Amino acid sequence: MKTTLSKVSVVITAAGSSTRIGGGIKKEYLPLENGTVLSRCAKTFLNALVPFYSLVNFTVTYPEGKNQKEAEEALFCDSELKSMLEESKININFAEGGKSRQESVYKALLNVEQTGCNADFVLIHDGARPFVTETVIKNVVSAILEYGVAVPGLTPVDTQKEIDSDGFIVRHLVRSSLCAVQTPQGFDFKKILDAHKKAALDKTEYTDDTEIWGKYCGRVKVVEGSDRNIKITYPSDLDKIKQTAFEACK
């Protein structure tokens with residue numbers, strides 16, 4: 001078990017096309033509070049980690065073939081974040097993404113490796129989840145230090161069923177044994193990088209990084225997530241942003 005002197009890296013994924021949200025602007029670049037969805041994510045991670053861990057790398061992915069400057073502007077338009085970075089002396093790196101989330105994360109992990117920061121573990125977070133809490137981040141980190149891997153999750157509210165290709169129920173699932181996973185997903189850095197290298201060669205498309213870990217490394221520990229940790233995906237989610245931001249200010 002590692003101590004609080006562990007070296008941590010953060011990867012925030014913002015390389016998607018955001019086609020489902022519409023409006024012509026990437027969801028991670030949408031305005032929120034004094035900055036953007038993306039800057040809100042970054043500030044929460046800094047607040048949760050800097051006082052307690054050695055944050056040796058902070059990487060943000062941006063869309064393949066796009067200008068890195070757009071991602072920089074979305075982050076650094078937030079004066080509070082700029083002050084936090086200057087005070088903590090942490091630089092944010094940018095990595096061009098790939099054609100899929102899996103490829104984007106893999107390229108980001110390679111970028112972290114190339115910096116020579118020797119991270120002990122990495123937290124991989126969706127840039128479209130701006131209301132992740134410090135508590136969730138800290139719970140994930142605590143579990144990583146003990147188990148080497150962790151993901152936040154919530155038990156579904158609705159009863160879950162498995163259906164076939166024709167839309168008929170084929171299995172009645174036990175809700176208490178299920179969870180909807182969120183991010184950040186945290187991993188032993190060397191192990192998840194090695195797993196991604198293998199996954200890049202096996203011609204399988206994985207839904208998330210825990211699936212890659214599950215295939216090549218072993219079991220994944222689930223910790224309690226938060227119902228506030230929503231992911232912006234559809235236009236209707238914009239109303240959720242406004243509501244959650246309002247509640248956060250109470």
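User: Where is Ala 200 found in this predicted model?
Analyst: The model is predicted. Ala 200 is found in the loop between helix H6 (189–199) and helix H7 (209–216).

User: Why does Ala 200 count as partly exposed?
Analyst: Its relative accessibility is 43%. Buried means under 20% and exposed means over 50%. The value for Ala 200 falls in between, so Ala 200 counts as partly exposed.

User: What does Ala 200 touch, not counting residues up to four places away in sequence?
Analyst: Ala 200 touches Gln 102 and Tyr 106. Contact means heavy atoms within 4.5 Å. Ala 200 and Gln 102 are 98 residues apart in sequence. In space they are 8.5 Å apart, C-alpha to C-alpha.

User: Lys 203 is in the loop between H6 and H7. Is Lys 203 buried or exposed, and how do you know?
Analyst: Exposed: the relative accessible area of Lys 203 is 83%. The cut-off for exposed is over 50%, so Lys 203 passes.

User: What makes the phi of Lys 203 worth a remark?
Analyst: Lys 203 has a positive phi of about 60° although it is not a glycine. Most residues other than glycine have a negative phi.

User: Which value of phi does Glu 33 have?
Analyst: Its phi is positive, about 55°, and Glu 33 is not a glycine either. Glu 33 is found in the loop between strand S2 (31–32) and strand S3 (35–36).

User: Why is Glu 33 called partly exposed?
Analyst: Its relative accessible area is 41%. That value lies between the 20% and 50% cut-offs, so Glu 33 is partly exposed.

User: What makes the peptide bond from Thr 183 to Pro 184 cis?
Analyst: Its omega is near 15°, and the bond is cis. Most peptide bonds are trans. Pro 184 is found in the loop between S10 and strand S11 (185–188).

User: How do you know whether Arg 129 is buried or exposed?
Analyst: Arg 129 has 10% relative accessibility. Buried means under 20%, so Arg 129 counts as buried. Arg 129 is found in the loop between strand S6 (121–126) and helix H5 (134–147).

User: Which residues is Arg 129 in contact with, leaving aside its neighbours within four places in sequence?
Analyst: Among them are Cys 41, Thr 183 and Lys 231. Val 181, Gln 182, Asn 229 and Ile 230 are also in contact with Arg 129.

User: Which residues lie nearest the centre of the second largest pocket?
Analyst: Leu 154, Ala 180, Gln 182, Asn 229 and Ile 230. The lining has 15 residues. The pocket holds about 350 Å³ of space. Strand S10 (180–181) and helix H8 (237–248) each supply at least two residues of the lining.

User: What classes make up the lining of the second largest pocket?
Analyst: Six residues are nonpolar, four are polar and five are charged.

User: How do the axes of helix H1 (residues 37–49) and helix H3 (residues 79–88) cross?
Analyst: The axes come within 10 Å and cross at roughly 35°. The crossing of H1 and H3 is left-handed.

User: Which residues of H1 and H3 meet?
Analyst: H1 brings Ser 39, Ala 42, Lys 43, Leu 46 and Asn 47. H3 brings Glu 80, Leu 81, Met 84 and Leu 85. By class, five are nonpolar, two polar and two charged.

User: What is the secondary structure of the protein chain?
Analyst: Eight helices and twelve strands. Buried residues make up 48% of the 250 residues.

Conventions. Residues are numbered from 1 along each chain as its sequence is written. This is a predicted model: local features need pLDDT of at least 70, side-chain atom pairs count only at pLDDT 80 or more; totals for chains, interfaces and linings use all residues. Side-chain values use heavy atoms; hydrogens and water are left out. On a 1 Å grid over the protein atoms alone, a cavity is a set of points where a 1.4 Å probe fits but cannot get out, and a pocket is an open set with protein on both sides within 12 Å along at least five of seven lines; lining residues have an atom within 4 Å of a point. Grid points are joined across faces, edges and corners, and a volume is the space filled by probe spheres set on the points. Helices (H or I, at least four residues) and strands (E, at least two) are DSSP runs, numbered from the N terminus. Ala, Val, Leu, Ile, Met, Phe, Trp, Tyr, Cys and Pro count as nonpolar, Asp, Glu, Lys and Arg as charged, and the others, Gly among them, as polar. Axes are lines fitted to C-alpha atoms, for helices over the stretch in contact, and angles run from 0 to 180 degrees between N-to-C directions. A crossing is left-handed if the near helix is turned anticlockwise from the far one by less than a right angle, and right-handed if clockwise. Buried means under 20% relative accessible area, exposed over 50%, partly exposed in between (1.4 Å probe, protein chains only).
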